[in-house]
Amino acid sequence: MGLSNFLRSQIKRLLLRRGDVALENEVPMLASKFQRLDEFGLYLHIPFCRQICPYCPYNKEIYRPEVAASYVQAVKKEIDIYARLLAGRPVTSFYIGGGTPTTLLPRSGGGPGLSAHNGLDSILQHVFASFNMQCGIHLESHPNDLSKANLSAISSLGVEHLSIGVEALQDWHLRTLHRPYTVTQVRAAVERAVSNGFQCVNADFIFALPGQTYAEVEQAGHALVEMGVDQIAAYPLFQFPYTAMGRAAHGHNHDIGRIFRRRKMLGILERIFYDAGLERTSVWAFTRPGVPRYCSVTVPLYVGLGASGGSYLKDVFYLNTFNVQEYIRALASGRLPIALSLELSAEMQMAGWLYWRLYETRFKKSDFQKRFGQGFDAVYGRYIKPLAVAGLLEDNGDEIVLSDSGAYWLHLVQDLFSLEYVSRLWGTSKQEPWPEEVVL
Ligand SMILES: C[S@@+](CC[C@H](N)C(=O)[O-])C[C@H]1O[C@@H](n2cnc3c(N)ncnc32)[C@H](O)[C@@H]1O
Ligand code: SF4
């Protein structure tokens, strides 16, 4: 067993007090689960892109207008089913991700006269007519879809938080990543978005690219700040084995040299972002003070719509089929497109809660007590104390705050888990629309 596998199994045993975890092809009894909950987040997945980037692990396929049109109809049917289950309970956050949601904008190309052209507008109207929406919209976008006309269309849909996949700010890195724009073009797109009046514009940036130097990371860090965005999410390049770049890396993701290089690059970026007055708001994100942060993953309970949408309802996690045609087919026959589910034990719920609160870099122990009816220190105190001694976090009585080095080590743990488990779960789900079981 390699070191990565050993660490993974030890952490899993420590937190969950069990070995393997299996997702099964069961559809959970949803009606009773929804009755016990008060409010929800909503996630909508749009699995279309104009081209496929060689590093991207997400569920997506090439945009085809006729498939997108059927997809929009299927999403509306899924909304109808959940509208009955949610029965007017408030929806307090709404994230639209992908893939590239902006492929469904009116003027994004894709052939005349097809209804998917207005797909996003049509889905959003249905969302607002069907659910008790008490929040603004967060939307992921591609830089090539951010013309002035598209930006006003995005604003008029009610989008308040916009995220842009900038990825790199040197032309040769953009070419390595097969991104279809230049630095000049992406800067112009970001500047148009920044002056469009959103509450928060987030730029996604990837570092530790093949052959990237520290000086290039430094230059890109300054350029990101100069563009005037409200938030920067800086991720090291994760190399998922089922992507083209992951296959080329031959599993050398956790080499000591690589780990050291990433740490140093993140340190360079942290210094630039702090000097510019940004604050760390999650392991990856740095946000201007006072701005509501753009983040899609930490909502406590959520329903995921669309192909590969995942839902988390306290004691169950379930995942829709990844296959777009099967997703459309299931909803056409009036069925929910759920492919896999996992009942969550009390330990798993607590470990999940702790992981996401640490991801946000600070949390209150009293919130744990409120949620689980047990004292935080009684459950996790013995793990927290050594981490505080090692300087990875501060224990300020009721509040725990992750330090910069704590954030870095959490990222390593995340990397260790996400590469393996996401690859197993998403890799299998991409190959098999309805897997029998996926063991993690
Ligand atoms: C759904 S995409 C963003 C929207 C749009 N599709 C685009 O590419 O501009 C989500 C973001 O995840 C990040 N991402 C994707 N694959 C990654 C990887 N292998 N390692 C690190 N970050 C990655 C990128 O920053 C990417 O912009
Ligand atoms: S990075 Fe964005 S555009 Fe590229 S394949 Fe992934 S979702 Fe699509």
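Before I count any pairing, I note the rule I am using: two strands pair if DSSP finds at least two bridges between them. I also remind myself that this is a predicted model.

**Entry 1**

I started with β17 and looked up its partner. I found 3 bridges joining β17 to β19 (residues 399-402), and the two strands run antiparallel. One of the pairs I checked was F363, whose bridge partner in β19 is I400.

Next I wanted the whole strand order. What is the order of the 3 strands in the open sheet? I read it as β17-β19-β18, with antiparallel pairing. β17 (362-364) and β18 (393-396) stand at the edges with a single partner strand each, so each has one side without a neighbour in the sheet. From one strand to the next, I get an average twist of 15 degrees.

**Entry 2: helices on the sheet**

Then I asked myself which strands helix α12 touches. Helix α12 (residues 346-359) packs on the sheet and touches β17, β18 and β19. Its direction makes about 130 degrees with that of β17. Helix α13 (residues 365-372) also packs on the sheet, and it too touches β17, β18 and β19. For α13, the angle to the direction of β17 is about 55 degrees.

**Entry 3: ligand 1**

I moved on to ligand 1, which has 20 residues around it. Y55, T100, E167, R179 and F238 come nearest. By class I noted 10 nonpolar, 6 polar and 4 charged residues in this shell.

An oxygen atom of ligand 1 lies 2.7 Å from an N or O atom in the side chain of E167. A nitrogen atom of the ligand is 3.0 Å from an N or O atom in the T100 side chain. At S141 the polar atom belongs to the backbone, 3.5 Å from an oxygen atom of ligand 1.

How much of ligand 1 does the protein bury? Taken alone, the ligand exposes 570 Å², and 95% of that is buried by the protein. I also checked which elements give two or more residues to the shell: they are β7 (137-141), β8 (159-167), β9 (200-207) and β10 (231-236).

**Entry 4: ligand 2**

Last, I listed the residues around ligand 2: C49, Q51, I52, C53, Y55, C56, K60, G99, T100, H142 and R179. By class, the ligand 2 shell has 5 nonpolar, 4 polar and 2 charged residues.

How values were computed:
Residues are numbered from 1 along each chain as its sequence is written. Chains are lettered from A and ligands numbered from 1 in the order in which they are written. This is a predicted model: local features need pLDDT of at least 70, side-chain atom pairs count only at pLDDT 80 or more; totals for chains, interfaces and linings use all residues. Side-chain values use heavy atoms; hydrogens and water are left out. A residue is near a molecule or strand if one of its heavy atoms lies within 4 Å of it. A polar contact is a pair of N or O atoms within 3.5 Å; within protein, one must be able to donate a hydrogen and the other to accept it, and residues adjacent in sequence count only if both atoms are side-chain atoms. Accessible areas come from the Shrake-Rupley method with a 1.4 Å probe; for residues, only the protein chains shown count as cover. Helices (H or I, at least four residues) and strands (E, at least two) are DSSP runs, numbered from the N terminus. Ala, Val, Leu, Ile, Met, Phe, Trp, Tyr, Cys and Pro count as nonpolar, Asp, Glu, Lys and Arg as charged, and the others, Gly among them, as polar. Axes are lines fitted to C-alpha atoms, for helices over the stretch in contact, and angles run from 0 to 180 degrees between N-to-C directions. Contact means heavy atoms within 4.5 Å.
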